Amino acid sequence: MKNFVLIAALFLNLLSLVQARDLPEILSSGVLRVGTTGDYPPLTECNQRMQCSGFAIDLAESLGKYLSKLYDQPVKVKYVKTNWPDLSADLKNDHFDIAMGGIGYSKSRAKHFLLSNAITPCGKVVLIRKEFFPQVTGLNDQALIAALNRPEIRVVENPGGLNQEFAEQHLPNAQLIITANNKEPFLILREDKADLMITDLMEAQYRLKKNPALTIVNPAMFTESSSHKVFMMQKSSRKLADKVNLWLSKTNIEGLKKKWF
């Protein structure tokens, strides 16, 4: 019986180590920990010292100011480095309170986490080298996927996100190149080591400004990929999620977007 009690106590102690902080604990600490990949401009871009900028970063700072004003106490925003393959596990293990920056809604994420209300619409497009554009322009979704789903087509994707998931599901016959992070695909495209990337429209539009050798095949986006960006919190962070959604309802999202898009 004593052994059982010791094991149960140990289990509860371990569980408490990864228990999400909800709003009271955040306010008590005076710090809102924001997990972000920092590799997804113009939403989030961070240097090695986790000095960050981007649309999602402006939103994080706005949320911190909102909580400070609402509760009449300082709430500092602290950025915590994560990556796409580990983002969900890092959130579950309480490395941060909220994940922000380029996170698209999915049924899987909604099943395991609390997701905020919609921030901005998003959807997948084909970012392609211009020399291939004439071969695939003017096609509907089904015909475009068929044209790209061939062994000679080289598709490059960042790891662990919805871009990779879309490519694996719809382009199984193509050569799929998975990079170490979200910065490398665009270097690989520029060096002609890949033909295209499946990514979000907003990121594709940003990358066009940096690389004139690329173009977007389907700016109307794949119909089935139509979704929206969200913030992600643990299931036990209900009080935080409620305040995040209240803040979103009072925030001029479109006004903040004009700075970045």
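Residues are numbered from 1 along each chain as its sequence is written, and side-chain values use heavy atoms, with hydrogens and water left out. Because the model is predicted, local features need pLDDT of at least 70 and side-chain atom pairs count only at pLDDT 80 or more, while totals for chains, interfaces and linings use all residues.

I begin with the helix pair. Helix α3, residues 55-71, packs against helix α11, residues 238-250, at an angle of about 105 degrees, and their axes are 10 Å apart. That makes α3 roughly perpendicular to α11 (65 to 115 degrees counts as roughly perpendicular). On the α3 side, the contact (heavy atoms within 4.5 Å) is made by Leu59, Ser62, Leu63, Tyr66, Leu67, Leu70 and Tyr71. From α11 come Lys243, Val244, Leu246, Trp247 and Lys250. By class, this contact of α3 with α11 has nine nonpolar, one polar and two charged residues.

I turn now to the backbone. The peptide bond from proline 41 to proline 42 is cis, with omega near 5 degrees. Proline 42 lies in the loop between β2 (39-40) and β3 (44-46).

Aspartate 192 is found in the loop between α9 (184-190) and β12 (196-200). Methionine 221 is in the loop between β13 (214-216) and β14 (227-228).

Notes: Axes fitted to C-alpha atoms, helices over the stretch in contact; angles between N-to-C directions. Helix = DSSP H or I, 4+ residues; strand = E, 2+ residues; numbered from the N terminus. Parallel < 35°, antiparallel > 145°, perpendicular 65-115°, else oblique. Nonpolar A, V, L, I, M, F, W, Y, C, P; charged D, E, K, R; others polar.
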